[in-house]
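Take a look at the chain below. We will start with charged pairs and then turn to the nonpolar core.

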Amino acid sequence: MLDYRKYISFDNEVRGGKPCIRGMRITVYDILEYLASGMEYNEILREFPYLTKEDILASLAFAADQNKSNLVA
């Protein structure tokens, strides 16, 4: 699995501390919502040219890790 920690950042000054992509204002949740709405990787990358495929994969890896953590607790 991709090491999402290289791509996901937390900063209370950016989007209220939500997990963001590389310090930008786009959150992991934004990307997950785009995917859930049916957008494909290439569509997201065209719409947001500053994102990379790794950013999308990191969002998925983060979500999977968070879900796994919640199941263990």
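**Charged pairs and a core**

Aspartate 30 and arginine 15 join their side chains in a salt bridge, 3.1 Å from N to O. Aspartate 30 sits in helix H1 and arginine 15 in the loop between strand E1 (8-9) and strand E2 (20-21), so the pair ties together parts 15 residues apart in sequence. Helices (H or I, at least four residues) and strands (E, at least two) are DSSP runs, numbered from the N terminus. A salt bridge needs a side-chain nitrogen of Lys or Arg within 4 Å of a carboxyl oxygen of Asp or Glu.

This is a predicted model: local features need pLDDT of at least 70, side-chain atom pairs count only at pLDDT 80 or more, and totals for chains, interfaces and linings use all residues. Residues are numbered from 1 along each chain as its sequence is written, and side-chain values use heavy atoms, without hydrogens and water.

Aspartate 30 is buried, at 15% relative accessible area. Arginine 15 is partly exposed, at 28%. Buried means under 20%, exposed over 50%, partly exposed in between (1.4 Å probe, protein chains only).

Aspartate 55 and arginine 22 form another salt bridge, 2.8 Å from N to O. Aspartate 55 lies in helix H3 and arginine 22 in the loop between E2 and H1, 33 residues apart.

Now the core. The largest nonpolar core has 13 residues. Such a core is a set of buried Ala, Val, Leu, Ile, Met, Phe, Trp, Tyr and Cys residues joined through side-chain atoms within 4.5 Å. H3 gives the most to this core, with 4 residues.
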